[in-house]
Amino acid sequence: MTLTAVRPKAGGTRERRAPRRRWRYAGTVAVFLLPSLIPLTLYTLIPMVASFWTSLHEWDLITEMRWVGLGNYLELLGDAGTRAAFLHTLYFIAGYLPLVYLGGLGLALLLNRAMPGRGLLRGVYFLPVITSWVVVALMWKWLLNPASGVVNWALGLFGVSGPGWWTDPDWAMPSIIFASAWKDLGFVMIILLAGLQAIPKEFQEAAMVDGATAFRRFRHITLPLLSPSSFFVVVISLINGFQVFDQVKIMTGGGPGGATQVVVSQIYDLTFRYGRAGAASALSWLLFALVLLVTIVQIRGQKRWVTYG
Amino acid sequence: MSQRIRVAASLAAAALLATACSQGSATKAPSGEGGKVTLRYFTFSAAPDHVKDLDKIEKAFEKENPKIDVVVETAPFDEYFTKLQTSIAGGTAPDTFELNYENFVTYASAGSLLDLDTVKGDGDPSVYAKESLDAFQRDGKQYALPASFSTVVLFYNKDLFDKAGVAPPTADWTWADEQAAAAKLTDKKKGVFGDFQPVQFFEFYKTLKQAGGEFLSADGKKSAFNGPAGVKAAQWLVSKVGKTMPTEAEIGGTADYDTNLFKSGKLAMWHNGIWQFAGLKDAAFTWDVVVEPGDAAKASAVFHNAVAASSGTKHGKEAWAWARFLSSSNTAATTRVESSWELPPVADQAVLSGYLKDPKPANRQAVFDSLKSIALPPVIKRQQEMQDAVTKQLTEAAAGRKPVEEALKTAAADVDALLS
């Protein structure tokens, strides 16, 4: 149907029928788009507009909204709690991104080699990715329990007194970073593994014939040809990093002493704990602006390091 | 037709569809069979220990009011107000719901509550204890009916006291007595702790009053706790941690850690509410309660819960009948008393005296004695933020990350900012 619609027929009939055919074409496209357009509109576009509208108001969810214009934005920009939340989020990303990328790359390189049990191992490393964050966070919270956790018990066997993994403000964020990297490692691994397998063997063989060392082959063939996959993984991980919430909510609840309060947990608290939906919406938009900015910078910057083909 | 118009048109169509969908779901009210009115009731105080008791009250109410079908929904206290707020915002508020004294002002001033005088039927207001009834009035309107109250007392494990040869607590005890006993009773090798008093807002405003201080200034416009009494109260709470009480790291975020510690016979003294009585019925040791020790003065925390009706309910009269029954009927009062499910705020002392008949704990009189000098929580509009700010600073001090004075100074500045 689509084929006949786009293929022009000879003769003057084309002029006369064109608008009608175009309409039919648009209708066809619309029918195919609707299944994704409806949920997108319902659950993304309308809420986005609503949240922007809310961000211009003071609203405790139970009283009438009160117009404050940009008041929420101005208050948030001067607020120490907001600054701390952004700093904690950046701290999380600074720890999480290198860990998850390098760890995933290492795993991908390892599991790209011929070895027994390779398929099984790939599956095992991917398991945490498809496991619910609630399960993973509770498990790590239990393993890292300062008083009765397995990790501190094991450290105790060597005479080391383990820290208060999530009760000590210095250790709480590293604990969350570690648990997050552990969970997402498999995702990065799978994407990079696919990227590695797309690299033609001939390049490596040719370089080997020329006497290139393993390191040089990795540096000058594997890494550049893997860069599109790396780019994808970094963009996705960074966005995930900005939106970190589940693990924080479950493992520390933003504590101890606010040391792990990130932007999204701040948004949650503002809305549901403090009844300040307007300020929370404004903070959501500030986060959106930051993520958008970072993503644009990344897409612009990709020309410098991403090689296609 | 240009691309842009096409996109815009499909968007508009989708938006129309979306609004059409969303309108249908929220306004549909549940209606029972055969002309029965279904009345939703949302509560935090029933689960998990008293669901059956609430069920009993509900059955009795439905027997008297065959046209009303009460549907109970419960949530744990920590999530209760999040859910209530969201359901009000979403237009699906329950017809009737429980409110505590601290949150009553917020909901009443937001216009979320039905003025119960507009729907009330026959019923004598003098069945209620007057102070309780007055606590849930605002601008001369009765927005909720008091349903239960409870106090915080000092629980103690008598066996541990006897074993250590320490005289058990009396009503005359002061902080110093408590501290001396706690030190003697703590035996870390056996995992026994002498004392447990949570380091948070609710304990602080009370110990502050015990130390002779006030939380807010008389006009309620400024914090008043950052002074000698405040430092003394905070010091008292913080000084227990790591000495006679486990640290935050030792507790490790375990839910109901203190309850289980006491139940397992490894905690000598425990500051907690009388709602714990029912759960301790089968404890394998002798335990009792006394009025909390004071310092400059005695002061006990009183928690007050009430039943309110949503301003959006379509069944105002039924809502009032249920609120009235739940708060003051003989069935409700005796059920609460018999199951030690807090206390009914009724004027009839004969009903309350039934509370004393239960042999455990022996000194039940302490519950009534504690009412002689009470500390009511300070209430402001931004209540939760205030509670969190104070708890956060006290936790910092308890973990040794900040000196008490500095923590209080920060907390006072935070509270002042919330009041401005």
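**Note on chain B of the predicted complex**

1. Gly213(B) is buried, since 21 other C-beta atoms lie within 10 Å; a residue counts as buried if 20 or more other C-beta atoms, placed from the backbone, lie within 10 Å of its own, as exposed if 12 or fewer do, and as partly exposed in between. Gly213(B) sits in the loop between helix H8 (201-210) and helix H9 (228-240) of chain B, where helices (H or I, at least four residues) and strands (E, at least two) are DSSP runs numbered from the N terminus. Leaving aside residues up to four places away in sequence, Gly213(B) touches Leu208(B), Phe225(B), Gly227(B), Ala229(B), Gly230(B) and Ala233(B), with contact taken as C-beta atoms, placed from the backbone, within 7 Å. Gln137(B), by comparison, is 76 residues from Gly213(B) in sequence and 27 Å from it in space, C-alpha to C-alpha.

2. This is a predicted model, in which local features need pLDDT of at least 70 and side-chain atom pairs count only at pLDDT 80 or more, while totals for chains, interfaces and linings use all residues. Residues are numbered from 1 along each chain as its sequence is written, and chains are lettered from A and ligands numbered from 1 in the order in which they are written.

3. On confidence, chain B has a mean pLDDT of 87, with 92% of its residues at 70 or more; pLDDT is the predictor's confidence in each residue, from 0 to 100. Over residues 7-30 of chain B, however, pLDDT stays under 50, and the model has 17 contacts beyond four places in sequence for that stretch. For the complex, the predictor gives an ipTM of 0.78 and a pTM of 0.82.

4. At the interface between chains, 28 residues of chain B are in contact with 24 residues of chain A. Helix H1 (3-26), helix H3 (77-89), helix H10 (248-251) and helix H16 (383-398) of chain B each supply at least two residues of the side of chain B that touches chain A, and H1(B) gives the most, with seven residues.

5. Within chain B, the domain assignment, which is automatic or taken from a database, gives domain 1 (37-150 + 303-356) and domain 2 (151-302 + 373-419), and their C-alpha centres lie 29 Å apart. The contact takes 13 residues from domain 1 of chain B and 13 residues from domain 2 of chain B. On the side of domain 1 that touches domain 2, helix H4 (101-109), strand E6 (144-157) and strand E10 (300-309) of chain B each supply at least two residues, the largest share, four residues, coming from H4(B).

Technical notes. Contact = placed C-beta atoms within 7 Å.
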